[in-house]
Amino acid sequence: MRRSLALGAAILLAASACTVGADTGTGTNGGGGKEISFLTFESPNLTPAYWDAAIKRVTDKHPDIKVKKLVAPSTDRTGYAKQLLTSGQFPDVAIAVDSAGFAESGALYAWTPEELKDFQFPDANPIKGGHHQLPANTQTIPPIYYNKKMFADAGITATPNTWAELVAAAEKVKAKGGKPFVIGGGKEGFPSAMILDGLVSVDLYGKTPDWLTQRRADKVKFADPDFQKAFGKFADLVAKGYIDKSQVSRSYDDTQAAFLKGEGAMYPMGNWFASAADTKPHDFEIGVFNFPSEDGKLVVPAYTGGGMIVNAKSANLEAARTFALAFQLDKTQLDTSVKADGLFPAIKGYTPPADAGATFKAGYDLYQKAVEQKAVVNAFSWETADDGLLPGMKDKVYQAAQDVITGRKSVADACAFLDTEWAKAK
Amino acid sequence: MTAPTPERAEEGKSPTRRRRKPILPRVWHFASFGAPGVLIYLCFVMAPILISFGYSLTNYNPFNPPTKFVGLENYKNLFSDETFLTALWVTTVLTLIVVIVPNVLGLGIALLLDKKGWLYNALRTVFFTPVILSSVVVSIIWQKLLDDQGPINQVLRALGVDHPPGWLSDPDIALYSVASIVCWQMLGFCVVVYLAGLQGVPTELLEAAEIDGAGPWRRFRAVTWPLLAPSLTINTVVMLISAFKTYDYVKVITNGGPGSGTTATIAFNVLATGLDANHAGYASAMAVVMLVIVAVVTTIVLQFLRRREVDL
């Protein structure tokens, strides 16, 4: 009898180890309230303290909701979210995660028009007719932040308004022995491609706003002349020595630090950099100008989204939705995100705090003028909807940019590479 | 009628019955003690392999249903996929370096450390320490060291090198930088295995060889090296398998870059394809091919090395 029990227990133990749980959210009904999990990510701007304070502000108003904070191991929170989904641990709520892929699979809750009524761009980022990510904020990607002292030393008296003026400014800086651009890359990749993103957005999307939608329909290709032309301008900067290829291995954090240390005159980066520009130590004044177009026409690349997504299968769906909306619409939280991460909250009636930093204000003003003039286009490689890059293609764009920087690929080869990878990604 | 004596009672038993009795306990012991391990192995090793093979015959994408059977199309596409072929090349180069360098250096260091004394004991510990560190921790540390603005290049600049190498940014160098890091960490393993092997070399043989007039090199070649054959086998196979499935170093240090595929191993591509691009079926095909390659290469290497052991 004891032997039978032992054998049964052994088999049961082994078998239970092989059981895979149902794919549900990771929230539970905690004692005294509903618990939800919230996936965050950390960066120089978004510290653990930032997230803790933000969560507390919401839970103080909703004491029945308890939040278990999860932290992605890198800034690639989208990749981490996929791992969690695959392993059956998809969080109840996540922020700034590309919703493409998750939405199509049915993993995300689709926000209703009523829930989106307070957002400035409720129709942003549709995926198969649904809106799965709260369009909480807008980011201009990239404006060009510049070192005013280096500009003055190089005899540059006005910010570039055309591409030719930008190139001329770069040449002047180089002639003075400085580095025209600060770029990075490392394992994040995107700092290597910022200039390329700007060129494609301004030159290509400025003329053909739905270019990527056409690409999805195979009506255009990366190897087409228009895209190659934009890429060619990027390669031209490399050929002229304005971009230092040794910087492609530098992490995003180190890249930002390098600019703040005065290692280069211009830093093309999303407007989130304004937070660091306004708060972190540097011994020169920082300015910002729009990414210049060929003819000086105002075209500002931007992306609206970056908000909360909610697990459609959350065990506490109502609590998750409540938390997400409360988080995104809280005035104090919005003000904090402006200061901490330089975001432009896309909430109706919102105005930035009076004590926002000077660099942020300058960038925000540029964006507001673009909105008024209807000069905003999508930011290439940052779109996350039906008109966005296919899953996995962002990394390929970053790789292509790095290959051109290091001289490993010509522009034609890089564009052909993107088309090849696109065909595989479909 | 008298009761049979014990001897007579024993004689009455059938020999067949006595031999059959132990069978049941053996079955029982296997079922009791072996079953959990076997079940765990089946569930966590064999089942995933079979499932992966199954996925490799489909276009499985967890984010884009439905899944369709595509037969061997994934495998066919693999061998015309430049990204995969590049990864195969990268993995091969990395594997060759990681198999050869730690073995050679490990043997040399082991010979130097094969002496008595507290200093040599301390040095053994020093050399083995990297092995027990997390590969992610090692990767992060070395990434900082090898950065263009890192301490190594700063020292080189201070020494007058105006343009030090881009250890991680130069596509021609990055793979060798990653391989060097892997070698650095795995070196200690080889050292320890060779030290253990050296402990098994009979001093009598060495003394006899010395008496016969054999010098240090001859003693090493004729006595020590042949007797280290098992150590060589262990080190080679372990390094081979470890190198071929290298993922974490690449992910943390370079994320497959700089650029496209310069340091991307097959294992890295498996995860990038499966998790970033969501093509789990295609990724599974890569994984299966990698498994087959590792199995075949390992078998061949083992056969060759074990034949050398047998020849002794």
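Analyst: Let us begin with the interface of this predicted model. Across the interface of chain A and chain B, two salt bridges are found by the rule.

User: Why is the pair B:K144 and A:D254 called a salt bridge?

Analyst: The closest N and O atoms of B:K144 and A:D254 are 3.4 Å apart. The rule asks for a side-chain nitrogen of Lys or Arg within 4 Å of a carboxyl oxygen of Asp or Glu, so the pair qualifies.

User: Which elements of chain A give two or more residues to the side that touches chain B?

Analyst: These are α1 (2–17), α3 (77–86), α14 (393–406) and α15 (411–425) of chain A. The largest share, seven residues, comes from α1(A). By type, the residues on this side of chain A divide into 12 nonpolar, 12 polar and 15 charged.

User: How many residues are in contact between the two chains, and what area is buried?

Analyst: In chain A, 39 residues are in contact with 34 residues of chain B. The area buried between the chains is about 3100 Å², with carbon and sulfur atoms giving 56%. The rule also finds 17 residue pairs in polar contact across this interface, both residues at pLDDT 80 or more.

User: How do you know that the radius of gyration of chain A agrees with that of a compact globule?

Analyst: A compact globule of 426 residues would have a radius of gyration near 22 Å; chain A has 23 Å, and therefore the two agree.

User: What share of chain A counts as buried?

Analyst: Buried residues, those under 20% relative accessible area, make up 57% of the 426 residues in chain A.

Conventions: Residues numbered from 1 in each chain as written. Chains lettered and ligands numbered in written order. Predicted model: local features only at pLDDT ≥ 70, side-chain atom pairs only at ≥ 80, totals over all residues. Heavy atoms only, no water. Contact = heavy atoms within 4.5 Å. Buried area = accessible area lost by both parts, 1.4 Å probe. Polar contact = N/O pair within 3.5 Å; in protein donor to acceptor, adjacent residues only side chain to side chain. Helix = DSSP H or I, 4+ residues; strand = E, 2+ residues; numbered from the N terminus. Nonpolar A, V, L, I, M, F, W, Y, C, P; charged D, E, K, R; others polar. Rg over C-alpha atoms; globule rule 2.2 N^0.38 Å. Buried < 20%, exposed > 50% of the residue type's maximum accessible area, 1.4 Å probe, protein only.
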